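Subject: Structure for you to look at

Hi there,

Here is the structure I promised to pass on. Please open it alongside this message, and then read on for what turned up in it.

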Amino acid sequence: MYTHLALLRGINVSGHKMINMVALKKALEGIGFTNVVTYIQSGNVFVDTDEDSPAKVGFLIKQEIFKQFGHDVPVIVIGKEDLQACLDRNLFLNETEIDLKKLYVSFISSELPNNMITQLNLNFIKPDEIQLDGKRIYLKYDTSPAKTRLDNKWIEKSMNVVSTTRNWNTVNTLLKMFQERKLL
């Protein structure tokens, strides 16, 4: 049995793509997932399954959301190691007096090449900053995510990936929740 964390992009935001978490839990249990647990309304869903492939799990969840709720929702499935890497490899954490409320992580659909950062027009996003780390992008906002050009749309267009972003507090809470689960 494996535990996966599905990150749903763009649900329950400003009245768009509304999905009730209780109904989502019931729908996912209906297609065979067990120990389904959601965290906050923004689309963080833990599922247990015999399926070890994150891509297959994501496809099944995406398909069921469309079937049950009529929404085409991007789904990125990650593991505990992805969340742990956020704490271990985010170089912004090495800065003195870092404001954790300005740190975010974008989880992306495919790994980026190391030279991708040199190909991007980073002047467009300044004074915000990014760090690429495989299938994660660490974001540090100068003021807030509401006042930036560095958003999911920019990431997706610039890097040709699907992206969903979580704030630093949510990343840490999800890791704790993963650690409390008994499965892989």
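Below are the findings, taken sheet by sheet and then helix by helix. Please keep in mind that this is a predicted model.

**The β2-β3-β1-β4 sheet**

Let's start with the open sheet of four strands, which has the order β2-β3-β1-β4 and antiparallel pairing. Its edge strands are β2 (34-39) and β4 (75-78), each of which pairs on one side only. On average, neighbouring strands here are turned by 25 degrees against each other, direction ignored. Helix α2 (residues 54-69) packs on this sheet and touches β1, β3 (44-49) and β4. The direction of α2 makes about 145 degrees with that of β4.

Looking at the strand pairs, β1 (residues 2-8) and β4 run antiparallel and are joined by four bridges. Leu8 stands opposite Val75 in β4. β2 and β3 also pair in the antiparallel sense, over four bridges, and Val37 has Phe46 in β3 as its bridge partner. These two strands, β2 and β3, form a hairpin with four residues between them. Do have a look at Ile40 in that turn, where phi is positive at about 45 degrees.

**The β6-β7-β5-β8 sheet**

Another open sheet is built from four strands in the order β6-β7-β5-β8, with antiparallel pairing. At its edges stand β6 (129-133) and β8 (163-167); each has a single partner strand, so one side of each is left without a neighbour in the sheet. From one strand to the next, the twist averages 25 degrees.

β6 and β7 (residues 136-140) run antiparallel and are joined by five bridges. Within this pair, Leu132 has Ile137 in β7 as its bridge partner.

Two helices lie across strands of this sheet. Helix α5 (residues 152-159) lies across β5 (103-108), β6, β7 and β8, and runs at about 140 degrees to β8. Helix α6 lies across β5 and β8, running at about 90 degrees to β8.

**How the helices pack**

Helix α3 (residues 80-89) and helix α6 (residues 168-180) have axes that come within 9 Å and cross at roughly 135 degrees. That angle makes α3 oblique to α6, and the crossing in which α3 passes α6 is left-handed. On the α3 side, the contact involves Lys80, Leu83, Gln84, Cys86 and Leu87. They meet Trp168, Val171, Asn172, Leu174, Leu175, Phe178 and Gln179 in α6.

Helix α1 (residues 21-30) packs with α2 at an angle of about 120 degrees, their axes 10 Å apart. That makes α1 oblique to α2 as well, while the crossing in which α1 passes α2 is right-handed. Here Ala23, Leu24, Ala27 and Leu28 in α1 meet Ile61, Glu64, Ile65, Gln68 and Phe69 in α2. The residues of the contact of α1 with α2 divide into seven nonpolar, one polar and one charged.

**An aromatic pair**

The count of aromatic pairs comes to two. In one of them, the rings of Phe46 and Phe178 have centres 5.1 Å apart and planes at 85 degrees, so the pair is edge-to-face. Since Phe46 lies in strand β3 and Phe178 in helix α6, this pair ties together parts that are 132 residues apart in sequence.

**Backbone details in the loops**

Most residues other than glycine have a negative phi, and most peptide bonds are trans. With that in mind, where does the model have a cis peptide bond? The bond from Lys126 to Pro127 is cis, with omega near 10 degrees, and Pro127 is found in the loop between α4 (116-119) and β6. There is also Glu97, with a positive phi near 55 degrees. Glu97 is found in the loop between α3 and β5.

Note on methods: Residues numbered from 1 in each chain as written. Predicted model: local features only at pLDDT ≥ 70, side-chain atom pairs only at ≥ 80, totals over all residues. Heavy atoms only, no water. Axes fitted to C-alpha atoms, helices over the stretch in contact; angles between N-to-C directions. Parallel < 35°, antiparallel > 145°, perpendicular 65-115°, else oblique. Left-handed = near helix turned anticlockwise from the far one by under 90°. Contact = heavy atoms within 4.5 Å. Pairing = 2+ DSSP bridges. Phe/Tyr/Trp six-rings, centres within 6.5 Å; stacked < 30°, edge-to-face > 60°. Nonpolar A, V, L, I, M, F, W, Y, C, P; charged D, E, K, R; others polar.
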